[in-house]
Amino acid sequence: MAKKVITKEEWEKKLAEIKIRKEDMNKLVMNYFVTEGYVDAAEKFRLESGTEPEIDLATITDRMLVKKAVMEGNVQEAIEKVNDLNPEILDTNPQLFFHLQQQRLIELIRQKDFVKALEFAQEELAPRGEENPNFLDELEKTVSLLAFDDTFNCPVKELMDPAHRNKTASEVNAAILTSQNHEKDPKLPTVLKMLVWAQKQLEEKAIFPHITDLSGAFLQEPS
């Protein structure tokens, strides 16, 4: 059965018939700024659009200071800031606390303070590894960095990559948001994923204009 062909003109006409409230779009944008921690952009957008954020913008600054500390390798500082915000965050999330301590170990190895790194692993992380097999596997992988002279070119080099810091920082960010009764993930990326999914589903039945560049949202003529 031949697929139905929809021209760009027909598609744009149908899109024009769909009414989306500007207030809902503004809330989606504000949700992204707040969740990702763009406090300056959120404040400017609040003044320009009149859209009120779901949480106090001051808490975003505190959250971003924690994330910044992790990204710069100052993990102990980050832990102290998290405890200042809410001590229960780490008390009730052993996995997050382990990952922060793991990152502290990685930073000691990055600084080539191998004696202190080994002591820290034995005193702080090994007991937690004994309690949880998953932690033990991660600990062994991290400690294996000590066996290599060039930690940036070894089988576990991904632990030394800035992306690992970012992963830990994102985990902390999500935990803080959850403690504040706020969604840990922004809604906008989910909406875009739904758009891509819907286009793929429709491809089975019709030939129609696509949005291939999500950043520009330009419709491409059907082939």
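This short talk walks through a few local features of one predicted model. Local features need pLDDT of at least 70, side-chain atom pairs count only at pLDDT 80 or more, and totals for chains, interfaces and linings use all residues. Residues are numbered from 1 along each chain as its sequence is written, and side-chain values use heavy atoms, with hydrogens and water left out.

Let's start with the annotation. UniProt, in an unreviewed entry, places "domain: CTLH" at residues 59-116. Its positions follow the numbering used here, feature names are shortened, and annotations may be inferred rather than shown by experiment. That stretch is 83% helix and 0% strand. Its end C-alpha atoms are 34 Å apart. Helices (H or I, at least four residues) and strands (E, at least two) are DSSP runs, numbered from the N terminus.

Now salt bridges. The structure holds nine. Each is a side-chain nitrogen of Lys or Arg within 4 Å of a carboxyl oxygen of Asp or Glu.

Take Arg-165 and Glu-107. Their closest N and O atoms are 2.8 Å apart. This pair links distant parts of the chain: Arg-165 sits in helix H10 (residues 162-179), Glu-107 in helix H7 (residues 94-110), 58 residues apart. Arg-165 is buried at 16% relative accessible area. Glu-107 is buried too, at 4%. Buried means under 20% relative accessible area, exposed over 50%, partly exposed in between (1.4 Å probe, protein chains only).

Next, Glu-77 and Lys-81. Here the closest N and O atoms are 4.0 Å apart. Both lie in helix H5 (residues 75-85), four residues apart, about one turn. Glu-77 is partly exposed, at 34%. Lys-81 is also partly exposed, at 26%.
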